[in-house]
Amino acid sequence: MTTRLRLLVAGLACVVVAAAAAVVVTDPFSSSPSSSPGPVSAGPASPAPQVASTVNPALAPAPPASGAYLGAWVGPDVFTQANEILAVEQLQHQLGRKLAIVHTYLKWQAPFPTRSALAFLDQGSMLLISWAGTDTRQIVSGADDSWIRTRARQVKALGKPVFLEWRWEMDRPNLRSQVHSGAEYVAAWDHIRAVFAAAGVHNAAWVWCPTANGFSDGQAAAFYPGNNEVDWICADAYPAYGSTASFASTVTAFLGWASHYAKPVMIGEFGVPESDGASQRAEWLRAAQQVVEADRQVKALLYFDANPAGQGPQGSYSLTGDAAALSAFRAIATQPYFNPAVTGR
């Protein structure tokens, strides 16, 4: 704990403080969006460190030597396993390539592996498994150890490299009754990792993923489990609900904070809302591409291609039906920079 506190203090001291860059929450498990004041233009980030892998690249996802993996969550209008598979296949057909990473969400005790997860692994993609549920205090008590061991065995049995992020966006205020505090989240994270380690799980890279906005308001760093417990640093990045904020202004504080850690960076979710209009959405995506290519610490970029229920155009991010935005995303997908060799294959 003393080491973790030192790391936390050092990280906070090095944060690049940016004007507030807000996000829209698109948690498939929650329909309550969070918001904060709109961001202003971002300044340049600090130079990225030499990124080091903390996993066995023959077993778990390691960062590419150059470039960045491209992926997405592709949410069908009506969720079924068959519809999820079809939605990913349709996007891949439109892009002219397979996704390097397919994002999937998993409730605490939901059956796994699902039909869709196996289909995505079989096509050669890696999975980003966003797993959530239950209370941090209950986890630390050991009451759920039997179930956590079951989940660990399921992940191990996949026999293929996957990313695993437990309780993403843990810094959101509407999760406080479940997460409680940074210290309690870290204790739960450490407990789950210890159970997975005891089960011999070596094919999972652990992804820590708060909101990008959590680095502008200084809240996210309190939830960082420490360098020894995290393989990839991540953030979910959206313009504030109803704003037209740029991708750059949304991620600047996060990238500044991450630049002080020799960890690969992932943008686990990002999206531009339908309310921006076709030409603006396309320009926003092209500008996001430039930001990612300029920061060589960013090793994975995943779009949120879905329209969460009840959000309206200002909280809808699907590329379907928007030829200009889809063309801009296809241009990203076809760049050699976003087609690196996948490690461990």
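Me: What does buried mean here, in terms of relative accessible area?
Reply: A residue is called buried when its relative accessible area is under 20%. The model is a predicted one.

Me: Is S316 buried or exposed, then?
Reply: S316 has a relative accessible area of 6%, so it counts as buried under the 20% cut-off.

Me: Where is S316 found?
Reply: S316 sits in the loop that lies between β8 (298-305) and α11 (323-333).

Me: Which residues does S316 touch, not counting those up to four places away in sequence?
Reply: S316 touches V272, P273, E274, R281, A306 and N307.

Me: And which backbone oxygen lies 2.7 Å from a polar atom of its side chain?
Reply: That oxygen belongs to G312.

Me: Changing topic: how do the strands of the barrel run?
Reply: Eight strands form a closed barrel in the order β1-β2-β3-β4-β5-β6-β7-β8, and the pairing is parallel. From one strand to the next, the twist averages 30 degrees.

Me: How many bridges join β7 to β8?
Reply: Three bridges join β7 (residues 265-270) to β8. M266 stands opposite A300 of β8.

Me: Which helix lies across β7 and β8?
Reply: Helix α10 (residues 278-294) does, running at about 160 degrees to β8.

Me: Which residues touch the most other members of the largest nonpolar core?
Reply: The core has 107 residues, and those with the most such contacts are I101, F163, F196, W208, M266, F270 and L285.

Me: What is I101 in contact with, leaving aside neighbours within four places in sequence?
Reply: Its contacts include F163, M266 and A300. F163 and M266 are also named with I101 among the core residues that touch the most other members.

Definitions and conventions: Residues are numbered from 1 along each chain as its sequence is written. This is a predicted model: local features need pLDDT of at least 70, side-chain atom pairs count only at pLDDT 80 or more; totals for chains, interfaces and linings use all residues. Side-chain values use heavy atoms; hydrogens and water are left out. Helices (H or I, at least four residues) and strands (E, at least two) are DSSP runs, numbered from the N terminus. Buried means under 20% relative accessible area, exposed over 50%, partly exposed in between (1.4 Å probe, protein chains only). A polar contact is a pair of N or O atoms within 3.5 Å; within protein, one must be able to donate a hydrogen and the other to accept it, and residues adjacent in sequence count only if both atoms are side-chain atoms. Contact means heavy atoms within 4.5 Å. A nonpolar core is a set of buried Ala, Val, Leu, Ile, Met, Phe, Trp, Tyr and Cys residues joined through side-chain atoms within 4.5 Å. Two strands pair if DSSP finds at least two bridges between them. Axes are lines fitted to C-alpha atoms, for helices over the stretch in contact, and angles run from 0 to 180 degrees between N-to-C directions.
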